[in-house]
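Please read it with the coordinates open beside you.

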Amino acid sequence: MSDLRATLVEIEEQCSKAGWQRGVVLYALVPTADLLESAPEMAAALAEKAPDSLTAIEQDPIELESTIEEFLATLAWGPEVFGAALVLERVIVTEEPPSELSGSDLDRWLSSHGQEVRLAVAVLRDGQRECAMRLRDYDNAASVMVGKDLLPGMAESLALTFAD
C-alpha cells in the first residue's frame, strides 16, 4: 500500500469513528520527519508513525458558504505542505426527485431514495492521488472502496489547490 493510500485510509477511518454528519474536513499532509523536526514536542504523539510516512493535520472547521469547488478555488498551501486531503459527505440519488418537492418534503424524499456516502480524496504536489468512498448502508472498513480514479473530479479540484 502506498504512503498516500495508507494515509487516506487512516483519515477515512478516523472520520468514521467520529460518526456521520461531520461535515467537510480538510487536512494538510506533511512528511512525518519534517513535522518531528519542526515540532519535536509532537514526538510522543507520532511515536507509532514511520518517519518516512505522511502525517495528516486537520485544519480549522469549514463552514461552506458556496460550493465545495468554489471553496477549494480559494485555497493555497505553503511550501511545507506536501499534499492535502478532503473528506465530505453527500447523498447520492439514482433518480431525479419530483420537481414539486422542496424543503422538508424534499429531505424526506432524499432520505428514502438516496444513499449517504462519505467521500475522501488525498493528493500530493507531485500529482499522486488516492480516493475512498464509504456507503452508510455498508458502514464497515471492509466495504470502503479505494482507488486512484474513484473520484476524479474531486481529486482534480483538490489538486488545483497546489497549482502555481
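**Notes on the fold and its packing**

1. V117 is buried, with a relative accessible area of 1%, where buried means under 20% relative accessible area, exposed over 50% and partly exposed in between, for a 1.4 Å probe and protein chains only. Leaving aside residues up to four places away in sequence, V117 touches W20, L88, E89, R90, I92, M133, R134 and L135, a contact being heavy atoms within 4.5 Å.

2. On provenance, this is a predicted model, in which local features need pLDDT of at least 70 and side-chain atom pairs count only at pLDDT 80 or more, while totals for chains, interfaces and linings use all residues. Residues are numbered from 1 along each chain as its sequence is written, and side-chain values use heavy atoms, with hydrogens and water left out.

3. As to overall architecture, the chain holds 5 helices and 6 strands, which follow the pattern α-β-α-β-α-β-α-β-β-β-α along the sequence. Of the 164 residues in the chain, 37% are buried, and the C-alpha atoms fill a box of roughly 60 × 35 × 30 Å, taken along the principal axes. Among contacts between residues at least 6 apart in sequence, 65% join residues at least 24 apart.

4. The 6 strands form an open sheet in the order β2-β1-β3-β4-β5-β6, with antiparallel pairing; two strands pair if DSSP finds at least two bridges between them. The edge strands, each pairing on one side only, are β2 (54–58) and β6 (145–147). From one strand to the next the twist averages 20°, with axes taken as lines fitted to C-alpha atoms, for helices over the stretch in contact, and angles running from 0 to 180 degrees between N-to-C directions.

5. Strand β1 is mostly covered, since 7 of its 7 residues are buried. In a regular strand the side chains alternate between the two faces of the sheet. In β1, V25, Y27, L29 and P31 point one way and L26, A28 and V30 the other, and all are buried. Towards β3, β1 is joined in the antiparallel sense by 5 bridges, and A28 has A84 as its bridge partner there. The pairing of β1 with β2 is likewise antiparallel, over 5 bridges, and in β2 the bridge partner of P31 is L54.

6. Strands β4 and β5 pair in the antiparallel sense over 7 bridges, and V117 stands opposite L135 in β5. The two strands form a hairpin with 4 residues between them, and G127 in the turn has a positive phi of about 100°, which a colleague may wish to inspect in the model. Of the 7 residues of β5, 5 are buried, so this strand is largely enclosed by the rest of the structure. On to β6, β5 is joined by 3 antiparallel bridges, and A132 stands opposite V146.

7. Which residues of helix α5 are buried? In this helix (residues 152–159) they are M154, A155, S157 and L158. Seen down the axis of α5, these buried residues fall within an arc of 160°, so they line one face of the helix, the arc being that of the directions from the helix axis to the C-beta atoms. They pack against β1 (25–31), α3 (68–72), β3 (83–93), β4 (114–124) and β5 (129–135). The helix lies across β1, β3, β4 and β5, and runs at about 40° to β4. Between V117 and M154 the separation is 37 residues in sequence and 14 Å in space, C-alpha to C-alpha.

8. Finally, the aromatic side chains: rings of Phe, Tyr and Trp (its six-membered ring) pair if their centres lie within 6.5 Å, and planes under 30 degrees apart count as stacked, over 60 as edge-to-face and the rest as tilted. By this rule the count comes to 1 aromatic pair. The rings of W77 and F162 have centres 6.0 Å apart and planes at 15°, so the pair is stacked. W77 lies in the loop between α3 and β3 and F162 in the segment after α5, so the pair ties together parts that are 85 residues apart in sequence. W77 is buried at a relative accessible area of 16%, and F162 is buried at 10%.
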